[in-house]
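I opened this notebook to keep a record of what I looked up in one protein chain.

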Amino acid sequence: MTAPISEQIQNVLAAYAVNPAQVQPVDTGLINRTYLVTGENGLDYILQKVNSRFPPEINLDIDIVTRHLEQSGLLTPRLLPDCRGMVYYREDGQVWRLFSHISGNIHERLEQPEMAGAAGAMLGRMHATLALLDYELRTSLPVTHDTPRHASHLKNTLTNRLGHVRYATVKPLGEAILARLEQLPPLPAVAARLVHGDPKISNFIFSGDNREVLCMVDFDTLSRMPVYLELGDALRSWCNPYGEDSTAAYFSMAHCRAALEAYACHAGKLLTPEEWLAVPAATLMIYIELAARFCADALNEDYFSWDPQRFSSHSEHSELRARGQFNAANSLLEQYSSLNEAVNRTLP
């Protein structure tokens, strides 16, 4: 049986002149609350209740960027205007928005290197297209990849959360992560580029046969940053065949080579040699940085969502994620020379 549609969702959809036949929660994503809406007209939409950490004006940036992508020939979800012509809607102090729906497959992890190649091709096309957009973002979110900030947060957490019931379990992991953070190689200062900001694999919509990526989604993280951070974050996600919810995580060079080769075909000449050569260090940094964020959340239990069906507590889920990222980082370190060789082969 279909669950009843809440009055709040009914009110929001009425503002878009959508009469829903069915509304289903979508369990992907860690931040916003997402629903698949089927209208009585048979069309599907994506409805999101936007997390309060994002300013409403971010939707104006998303509208401009996705409009540019569409005009450049890339498939992309588009924000739909409400009855007033606005691309977001407020209801009871909450910000909502409605997207066009693009049907396809969503994956939390990639078992096949060829799928990493498909993701690399799409990210390359995305970067090449964004490079042609002369636009300054209205919103300026906190820098995601701020290693000193995340290290400080983890140190403070280990100091201030001594009374947590799982402190003795989490503390050794936190100390090992902090030690690794202090050993990270430096990254070069390069010009910032307009990027997606969160190229994890679940933000890519694959075709039914998984041979190509149709589009990217979730543009809340649009920002300007060194492009090697975007690539490092991508490899961090795509090249771990076990995903974020397993301590068996490791770094797959087969996935990495496929991703780099495909990306280089579409955007390789966009990057300078200095940007390319920083990709291995950036990938390692983001693994350790994310491990630090998950580890702090294992004691604070206030940031990432968690799965109560699989874990007894928020803390347990975040700790497992931290261990998985840390294990994948150690796997990457064992293959660091191979990653450098793969990057060198992509140099223009």
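The entries below follow that order.

**Entry 1: ground rules.** I noted that this is a predicted model, in which local features need pLDDT of at least 70 and side-chain atom pairs count only at pLDDT 80 or more, while totals for chains, interfaces and linings use all residues. Residues are numbered from 1 along each chain as its sequence is written, and side-chain values use heavy atoms, with hydrogens and water left out.

**Entry 2: the whole chain.** I began with the secondary structure, and the protein chain has 11 helices and 9 strands. Here helices (H or I, at least four residues) and strands (E, at least two) are DSSP runs, numbered from the N terminus. The radius of gyration of the protein chain is 20 Å, close to the 20 Å that the globule rule gives for 348 residues, so the chain is as compact as a globular protein of that length. That radius is taken over C-alpha atoms, and the globule rule is 2.2 Å times the number of residues to the power 0.38. I also wrote down that the C-alpha trace spans about 55 × 55 × 35 Å along its principal axes.

How much of the chain counts as buried? Of the 348 residues, 54% do, where buried means under 20% relative accessible area, exposed over 50%, and partly exposed in between (1.4 Å probe, protein chains only). For contacts, meaning heavy atoms within 4.5 Å, I looked at pairs of residues at least 6 apart in sequence, and 72% of these contacts join residues at least 24 apart.

Entry 3: I then followed the pairing of strands, which needs at least two DSSP bridges between the two strands. Strand S1 (residues 20–26) pairs with S2 in the antiparallel sense over 6 bridges, and strand S2 (residues 33–39) is mostly covered, with 6 of its 7 residues buried. S2 is also joined by 6 bridges to strand S3 (residues 44–50), and these two run antiparallel.

Which residues stand opposite threonine 38 of S2? Glutamine 22 is opposite threonine 38, and in S3 the bridge partner of threonine 38 is aspartate 44. I noted as well that S2 and S3 form a hairpin with 4 residues between them, and that glycine 42 in the turn has a positive phi of about 90°.

Entry 4: Because 5 of the 7 residues of strand S5 (residues 94–100) are buried, S5 is largely enclosed by the rest of the structure. Strand S4 (residues 89–91) pairs with S5 in the antiparallel sense over 3 bridges, with valine 95 of S5 as the bridge partner of arginine 90. S4 and S5 form a hairpin with 2 residues between them.

**Entry 5: two positive phi values.** I reminded myself that most residues other than glycine have a negative phi. Aspartate 92, in the loop between S4 and S5, has a positive phi near 55°, and this residue is exposed, with a relative accessible area of 65%. Glutamate 301, in the loop between H9 and helix H10 (314–334), has a positive phi near 50°, and at 32% relative accessibility glutamate 301 counts as partly exposed.

Entry 6: Is alanine 296 buried or exposed? Alanine 296, placed in helix H9 (residues 279–300), is buried, with a relative accessible area of 1%. Leaving aside neighbours within four places in sequence, alanine 296 is in contact with His153, Leu154 and Thr157.

Threonine 129 has its place in helix H3 (residues 113–130) and counts as buried at 10% relative accessibility. Not counting residues up to four places away in sequence, threonine 129 touches His68, Leu69, Ser72 and Leu74.

Last, I looked up serine 223 in strand S9 (residues 223–225), which is buried with a relative accessible area of 18%. With neighbours within four places in sequence left aside, the contacts of serine 223 are Leu137, Arg193, Leu194, Val195 and Gly197.
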